[in-house]
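This report goes through the two chains of a model, then the contact between them, and ends with some single residues.

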Amino acid sequence: MTSMLPKVSRGRPTPASEIRTSRWARLRPGHWLGRLLLYATVLIGAAAFALPFFWMISTSFKPENEVFAYPPQWIPSTITFEGYTEPWRALPFASFYQNTIVIVVINIVARLFTCSLAAFAFARMRFRGRNILFLLVLVTMMLPGQVTLIPLYRLWSELGLVNTIGPLTIPALFAGQGAGAFTIFLMRQYMMTIPVDLDDAAKLDGASWFRVYWNIVLPMSGPALGVAAIFTFTGEWNAFLEPLIYLSSFENYTVPLGLALLNGQRRLSYSWTMAQTLLSILPVVTIFFFAQRRYIQGIVISGVKG
Amino acid sequence: MGHLGTPFTASPLVKGGRVAKTTPYPGPEEPRSRRRLSQRANEELWAYIFISPWLIGFVIFTAGAMTYSLGVSFWETNFLNRNEFVGLANYERMIDDELFWKSVRVTFLYTGLTVPLSTMLALGIALLLNQKLKLSSFLRTIYYLPALVSGVAVALVWGWVLDETDGLLNNLLLLVGVNGPRWLGSEEWAVPSLVLISLWGTGTNMLLYLAGLQGIPTELKEAARIDGAGPFRTFFNVTVPLLTPTIFFNVVLNVIGSFQVFDQAFVLTGGGPNNATLTMVKYLYQRGFGEYGEFEFGYASAIAWALFAIIFSFTIILIRSQSRWVHYEGGLRQ
């Protein structure tokens with residue numbers, strides 16, 4: 001560590017008075033100017049990041065004739081909800097949402113169960129080949145999904161499941177590969193932190209391994225399960241390429257496909273597209289606000305320790 | 001094991017609290033040790049039952065599918081009436097396929113711009129937010145929010161913001177007297193537009209950098225300051241080296257993700273104008289799923305493997321480069 005520090009030691013310990021001076025130095029005008037610049041930069045940046053959201057909200061309530069107004073109008077003169085209601089009549093948005101919710105729920109339940117089971121074995125049990133198999137989990141995390149796209153398409157079409165939710169849900173029963181590998185990794189990291197003595201004690205009392213998993217480790221893994229559920233939700237809610245390939249008829253479409261379809265209909269106004277886009281991101285954003293701390297925790301666990 | 005209380009339990013033959021199989025046990029102990037072994041076998045059996053959903057899935061959906069995909073890349077097939085083994089023909093075809101090289105150039109341009117720019121932007125924001133700021137958690141949320149939005153929704157919002165005549169950006173530019181480019185509608189600006197869009201979603205990187213920065217002990221920075229280092233020296237000699245593992249991780253993830261860009265190119269530009277945003281995944285989608293009128297699954301698989309080879313090589317290069325610039329506190333570096 002010490003090699004990283006600049007070698008400017010003066011050969012004597014710094015007297016306390018000097019530290020005091022430098023602390024006072026922070027109150028010089030230059031320091032305040034610095035703070036001001038800092039706040040200005042951060043706020044302007046935040047405004048730039050938030051601008052597309054405001055623009056989307058503003059456009060979504062605009063009547064047709066104001067959408068293209070110049071200079072850009074932030075507050076519509078009359079507020080209309082047409083963009084929110086009309087597309088639901090033009091396209092089966094209700095079933096888009098229903099389909100997406102079904103896919104998301106099945107994925108969350110199935111993946112949480114199968115992934116936590118695997119994570120439990122990897123974190124707390126001994127078996128031959130454990131390290132190699134766990135390495136395979138990590139490798140799966142990094143494989144680009146496009147390579148398996150065509151074989152899987154073939155598989156599902158042979159099984160007659162193309163244009164059903166099968167290809168989008170059945171993999172979750174098998175820990176859902178790419179994204180599932182990530183879930184296994186995340187939960188394994190968490191389960192490693194729970195003391196093993198608990199398992200040993202339960203085993204001595206004659207509990208089966210499944211009971212150790214179900215009654216002891218799983219209830220203590222709440223935070224990791226929460227993070228995994230949120231990630232699965234966001235990932236599946238936003239998924240595009242796979243639904244695009246597997247779902248061919250309107251009534252089976254998911255929300256992102258419905259949005260792309262809406263966008264493709266050029267005669268429709270931007271206010272419709274923006275209103276529906278806004279609706280589609282609302283669930284994810286809401287969940288983020290309610291579970292913000294846990295969500296960020298999850299990203300940090302998976303990122304920094306990976 | 002502790003209840004035995006004899007020195008024997010502490011011998012090196014006993015590993016991890018379990019009796020090694022070779023331990024010569026005296027007679028009376030034998031049934032007990034056999035029970036242990038069967039416990040061990042029981043544990044293995046259950047472990048394999050627990051990982052079996054994943055393992056079966058891995059064999060079918062990952063390992064099997066990859067092997068099959070490699071096989072398909074040597075065939076010319078639409079899985080229906082045309083099935084012909086063509087050897088390396090699909091790979092040879094790539095060499096002369098101008099569209100393929102176009103897609104490679106587009107993908108490299110996109111990755112070459114996105115990775116450094118989003119690294120700098122995310123790191124910059126993280127450094128600013130790491131100062132003691134009022135509202136810091138609110139600001140963090142604002143910067144992170146776009147990362148939550150689906151690729152399609154991002155594309156739709158930005159398609160409207162970047163609209164050449166009525167879009168927000170060009171209207172704002174017009175207010176200050178600049179005639180904005182045609183963004184997604186022009187060949188030169190289409191890829192930079194996609195890069196701009198991807199920068200909006202850099203929030204996840206920003207959070208990781210922020211976490212990395214908060215993991216740096218303040219004593220180190222204090223020590224450097226007391227030793228007379230200015231803010232710049234402290235930043236480059238203390239903060240940056242300690243942040244390199246996070247930077248490394250982010251860059252690897254960004255490279256892998258950027259090479260696979262698809263959603264925006266599909267929704268916003270359809271690969272156009274004049275194939276200016278034809279990314280590799282977009283191209284393999286077009287070949288494989290019939291946008292050229294034929295389902296060329298063999299050729300599309302070959303393109304997927306080319307993409308995989310590129311991503312794999314870059315990941316390996318990055319991992320190899322670690323020893324030169326990534327500083328691990330644990331001393332992984334020699």
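## Confidence in chain A

The model is predicted, and chain A has an average pLDDT of 83, with 87% of the residues scoring at least 70.

## Make-up of the two chains

Chain A has 16 helices and zero strands. Chain B has 13 helices and four strands. Of the 306 residues of chain A, 37% are classed as buried; for chain B the figure is 36% of 334 residues.

How much of the contact set joins residues at least 24 apart in sequence? Taking contacts between residues at least 6 apart in sequence, the share that joins residues at least 24 apart is 76% in chain A and 66% in chain B.

## The contact between the chains

Chain A puts 78 residues into the contact, and chain B puts in 84 residues. On the side of chain B that touches chain A, helix H1 (residues 30-72) of chain B supplies the largest share, with 19 residues. Sorted by class, this side of chain B holds 60 nonpolar residues, 17 polar residues and seven charged residues.

## A helix pair across the chains

One helix pair joins the two chains: helix H14 (residues 255-264) of chain A packs with helix H5 (residues 151-161) of chain B. The axes are 9 Å apart, and the angle is about 25°. Angles under 35 degrees count as roughly parallel, so H14(A) is roughly parallel to H5(B). The two helices, H14(A) and H5(B), cross in a left-handed sense.

Which residues make this contact? From H14(A) they are A:Pro256, A:Leu259, A:Ala260 and A:Asn263, and from H5(B) they are B:Val152, B:Ala153 and B:Leu156. The contact of H14(A) with H5(B) is made up of six nonpolar residues and one polar residue, with no charged residues.

## A helix pair within chain B

Inside chain B, helix H3 (residues 98-130) and helix H10 (residues 231-259) have axes that come within 9 Å and cross at roughly 150°. Angles over 145 degrees count as roughly antiparallel, and H3(B) and H10(B) are therefore roughly antiparallel to each other. The crossing of H3(B) with H10(B) is right-handed.

On the H3(B) side, the residues are B:Thr107, B:Tyr110, B:Thr111, B:Thr114, B:Val115, B:Ser118 and B:Thr119. They meet B:Ile247, B:Asn250, B:Val251, B:Asn254, B:Val255, B:Ser258 and B:Phe259 of H10(B). By class, the contact of H3(B) with H10(B) has eight polar and six nonpolar residues, and no charged ones.

B:Arg105 counts as partly exposed because 14 C-beta neighbours lie inside 10 Å. Its C-alpha is 9.1 Å from the C-alpha of B:Leu278, although B:Arg105 and B:Leu278 are 173 residues apart in sequence.

B:Ser321 lies in helix H13 (residues 297-325) of chain B. Is B:Ser321 buried or exposed? A residue with 12 or fewer such neighbours is exposed, and B:Ser321 has 12 C-beta neighbours inside 10 Å, so it counts as exposed. B:Ser321 and B:Phe248 are separated by 73 residues in sequence and by 9.6 Å from C-alpha to C-alpha.

## Residues with positive phi

Most residues other than glycine have a negative phi. What is the phi of A:Asn163? It is near 65°, a positive value in a residue other than glycine. A:Asn163 sits in the loop between helix H7 (146-158) and helix H8 (166-173) of chain A. With 15 other C-beta atoms within 10 Å, A:Asn163 is partly exposed.

In chain B, B:Phe79 has a phi near 65°, again a positive value in a residue other than glycine. B:Phe79 is located in the loop between strand S3 (75-77) and strand S4 (83-85) of chain B. B:Phe79 has 16 other C-beta atoms within 10 Å, and is therefore partly exposed.

Conventions. Residues numbered from 1 in each chain as written. Chains lettered and ligands numbered in written order. Predicted model: local features only at pLDDT ≥ 70, side-chain atom pairs only at ≥ 80, totals over all residues. pLDDT = per-residue confidence, 0-100. Contact = placed C-beta atoms within 7 Å. Nonpolar A, V, L, I, M, F, W, Y, C, P; charged D, E, K, R; others polar. Buried ≥ 20, exposed ≤ 12 C-beta atoms within 10 Å, placed from the backbone. Axes fitted to C-alpha atoms, helices over the stretch in contact; angles between N-to-C directions. Parallel < 35°, antiparallel > 145°, perpendicular 65-115°, else oblique. Left-handed = near helix turned anticlockwise from the far one by under 90°.
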